[in-house]
Amino acid sequence: MSHPAFSLKRRQIIPTLNIELQEYQHLKTGARHFHLQAADNNNVFLVAFLTVPEDSTGVAHILEHTTLCGSQRFPVRDPFFMMTRRSLNTFMNAMTSADWTAYPFASQNKKDFYNLLEVYLDAVFFPHLSPLDFAQEGWRLEFEKPTDSSSPLVYKGIVYNEMKGALSSPNQSIWEELSQLLYPSITYHFNSGGEPKDIPNLTYDQLKAFHAAHYHPSNAIFMTYGDIPAEEHQNYFEEHALKNFEKLELDLSIQDEQRYQSPIKKEGFYAVEESEELDDKCYVLIAWLLGKNTDAREWLNAHLLSGMLLDDSASPLRQALEITELGTAPSGLSGLESSTREMNFCAGLEGCNAENADAIEALIFEVLQQVANEGVPQERLESVLHQMELHQREITGDHVPYGLRLLLNSLTPALHGGDPLSMLDIDPALEQLRKDVQNPDFIKNLVKTQLLDNPHRVRLVMKPDPQLNAKRIAEETQRLADLKAQLNHEEVSQIIEQTQLLADRQNTQDNPELLPKVTLKDVADDLLIVEGSLKELKGMPATWFAQGTNGMVYQEVVLDLPDLNEELLDLIPIFCDAITEVGVGNRDYLETQSWQSAVSGGIRAGVTVRGGVNDVQQTRNLFILSGKSLARHHADLTQLIHDTFTKVRFDETSRLRDLVAQARLEVENSIPSRGIALVNNTAVSRINPSSALSYRWSGFGGIRYLKKLDEALNDKTQLLELSQKLTELRDILINTPRQLLIISEAERQAEIAQGLEKYWDFEPQQTALLQLPSISGQTREAWGVNTQVNFTAKAYKTVPYAHPDAPILMVLGDFLRNGYLHRAIREQGGAYGGSAAYDSDNGAFRFFSYRDPRLVETLADYDRSLAWLQETAHESRTLEEAILGIISRIDRPSSPAGEAKGAFFGNLHGRTPELRRAFRSKILNVKIEDLQRVALEYLKPELANVAVVSNPKLLEETSDKLGLKLETL
């Protein structure tokens, strides 16, 4: 059935996904609606528009932000963030891609779903788009001292600062440079997010014109997923939006790129710190423009090509890039980019020197020519096809709802004239591809036509420039000085007036009752937690979860970390990284990589260390080796995990040397994009043993250790010693008591058990377990890194999870964010984000901000929020909104495997179902006076731990003033 305003075009069941695709078209406007009917109450909606920027002012991105700042039916300043507090959503966001903008949300509550739908529809089709919202979200001019026209002019704006932060990442800035070269004449030439130097060129009138040209139903695609029928959605689409529009003839399609007749070469620069060594810091990349992603077969061919060349260390091109002495590691940009209408493929090295660019290009072409001449083993192609099948079948949902993943996968072909069905039901095309690869010439010809004989090729060499940040700052300063010099009296007054008007608007208390809401009465009575069953396998504990995994099997071996000396304890992260990257038994690392790809969806090792529910000084420290596979490979997965755990070998020292060098490079390059994680990690690093160990392993302490280790391994004696220590660590873990976790469909458990009993028949010795010493202290650290924006955190020692005040502290975080921090740090301060949260694993309460133009002022805002809490008369509504936000996160569903893992590891760490349900129940009964009491009791400014990440120059000016110890890597 469909609404009378829509016509049904087709419906098609997709058996492998247990869904039905239904396609509709709105009769009057031509808007399309794709509905995925599924037996899933986590219903998903998105509306998307093809957006085609013609410059790098970030118009599509800024419009995405500004659209959500009030609309005709909901004339409040911030309906998006206000609805996050009045909703039980399981996902809410807005997204700007290179060629589309989408507004998705999800909810398990039908009332909530339609509340959100009304707000979203009104926002995208009838937004206010006020000049003040443009100034806040996009960019604006202000005087450094807002009312003092003699002070310097500065740029402000949320997107402006967001993109400064994003482009501090080397990979992100290099990708933008590469895109400009690959796409010289169409929309992908431009940065849809916005280049900071270009954003101030965007005018308010241009923003409104872009909305008028793109945000029309005739350019819209509606997508829904879940168990609510399409007709009900269409009734809302029609009544709240579509009935007000007529069909509009639009020509927004993206044309084919004008192909190069011969390859081009370009050199560019990326920013590094002035103190940084410049040797081995270049990137050399070779990239090709491929075919269209709207053709399922071209899409699969491109994925096969990329997977065959780069999927794992046994892939021919990745192998060559990993072992060559021309660079440190394959570039993180290597691989297929299939989200653009015309796809591209890239391969290259980082950690190299520019003078080796010719040799690197020759190496890449040597591998490609060898594949074109000789082909690759058939099992390599079968492994790639196996990975495609596995990725298609697996039900995800741990970070993004599974239904949203399906919608996004089908969005690009829908926007560009392709068939969304072909991207959801890939089995027919995949089956044909399986037949085609039986012909040895197929992959040879694919390499020739797509790469070797493809003249639309770019070679980009990116060099480090320690002066680039200073140049950019100087250019911006000069630009602003020139602007100021040209201002007349009226323009000066307008800037001051706009600053005041925006401040007044930001401080205005809108009437939230103009927005729909759910209440605590709409909250589900119980927290759903899946239950497993304990069955021993030859005396070893094994916990089984029967879940609807769509033909997938998940296995994990879990053990408490044994007592380790300090040297071995420091090596745990290296061990976890290496155990799945080196040889196993009689197989060398290349054979092992091939084995993994052939039978599994990957295996990985990791650790989880969490404070006790009654005492965070008492930790449980777990080592986990996990893997997943298609059900038909469950026995192979069992052997793979067993042999990796018991027979891993660390004698391939050249491989170990490469892995450590690659890990160091990856970690150092990721620092700008990990700023928020690093400051939060640092701020709690002296609160308890688990946080101290996290800092030592994955925080700045771990980065320093990895850097030192990498430099030491230039000595072959040190390399041999590393091999011996990792082998010693393996032997200790083998003799530690362990247990198994198995997740699958119920009917497969008996067969899986037989395979497990075949391998897991060794009874380990009893071993003393790791006991971390108690820790306490205060952290006040400032870390200087290459970034154009700041990251800040302030943390307090509080209480463990089972303490009666823990639920109150959980609510306090949302209460402070909703009522004070969001306005002060994001809207007024211009940061991309800022908030507060209780950390139950560490018994800590944290304030934090990210991509923040301010530093000293933000740290002061944290303290001011506590004064606001005590001094303001708060409405009961604000408490209910904070509680709803917490409940929506607690009740948020995960994937079938994720639900089982959450329950299993929750139990191991003392978070039993009974305790989790009691915690949730206490949240529902928190009072405002409870919030004020715990803030006074635990959040005393003199006891704060502080951590910031910023550029060294700013820290030299501010660290002493803030009482922070200046640290560098």
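Guide: Let us begin with a definition: two strands pair if DSSP finds at least two bridges between them, where strands (E, at least two residues) and helices (H or I, at least four residues) are DSSP runs numbered from the N terminus. This is a predicted model, in which local features need pLDDT of at least 70 and side-chain atom pairs count only at pLDDT 80 or more, while totals for chains, interfaces and linings use all residues. Residues are numbered from 1 along each chain as its sequence is written, and side-chain values use heavy atoms, with hydrogens and water left out.

Visitor: Which residue is the bridge partner of Thr-543 in β22?

Guide: Strand β18 (residues 542-546) pairs with strand β22 (residues 738-744) in the parallel sense, over 5 bridges. β18 is also joined antiparallel by 2 bridges to strand β17 (residues 533-534), and there Leu-534 stands opposite Thr-543. In β22, the bridge partner of Thr-543 is Leu-741.

Visitor: How many of the residues of strand β18 are buried?

Guide: Buried means under 20% relative accessible area, exposed means over 50%, and partly exposed lies in between, with a 1.4 Å probe and protein chains only. By that rule β18 is largely enclosed by the rest of the structure, because the buried residues number 4 of the 5.

Visitor: Which residue of β10 is the bridge partner of Gln-37?

Guide: Strand β3 (residues 32-37) is joined antiparallel to strand β2 (residues 19-26) by 6 bridges, with Glu-23 having Phe-34 as its bridge partner in β3. The hairpin of β2 and β3 has 5 residues between the strands, and in it Gly-30 takes a positive phi near 85°. β3 is also joined by 6 bridges to strand β10 (residues 220-226), and these two run parallel. In β10, the partner of Gln-37 is Gly-226.

Visitor: Why is helix α5 described as largely enclosed by the rest of the structure?

Guide: Helix α5 covers residues 158-166, and among its buried residues are Tyr-160, Asn-161, Glu-162 and Lys-164. The helix is largely enclosed because the buried residues number 9 of the 9.

Visitor: How many disulfides does a search of the whole structure find?

Guide: A disulfide is counted as a pair of cysteine sulfur atoms within 2.5 Å. Cys-282 counts as buried at 6% relative accessibility, and Cys-346 is buried with a relative accessible area of 1%. For the whole structure, the number of disulfides found is 0.

Visitor: How many residues apart in sequence are the parts that the pair of Phe-645 and Trp-760 ties together?

Guide: Rings of Phe, Tyr and Trp (its six-membered ring) pair if their centres lie within 6.5 Å, with planes under 30 degrees apart counted as stacked, over 60 as edge-to-face and the rest as tilted, and this rule gives 35 aromatic pairs. Phe-645 and Trp-760 form a tilted pair, 6.1 Å centre to centre with 45° between the planes. Phe-645 lies in helix α22 (residues 634-647) and Trp-760 in the loop between α28 (749-759) and β23 (780-784), so the parts tied together are 115 residues apart.

Visitor: Are Tyr-820 and Trp-868 buried or exposed?

Guide: Their ring centres are 6.0 Å apart and their planes are at 45°, so this pair is tilted. Tyr-820 is in helix α29 (residues 806-828) and Trp-868 in helix α30 (residues 856-871), 48 residues apart, so the pair links distant parts of the chain. Both Tyr-820 and Trp-868 are buried.

Visitor: Which residue's side chain is joined to that of Glu-342 by a polar contact of 2.9 Å?

Guide: Glu-342 has its place in strand β15 (residues 342-352) and is buried, with a relative accessible area of 2%. A polar contact is a pair of N or O atoms within 3.5 Å; within protein, one must be able to donate a hydrogen and the other to accept it, and residues adjacent in sequence count only if both atoms are side-chain atoms. The backbone nitrogen of Glu-257 lies 2.7 Å from a polar atom of the Glu-342 side chain. The side chain joined to that of Glu-342 at 2.9 Å belongs to Arg-259.
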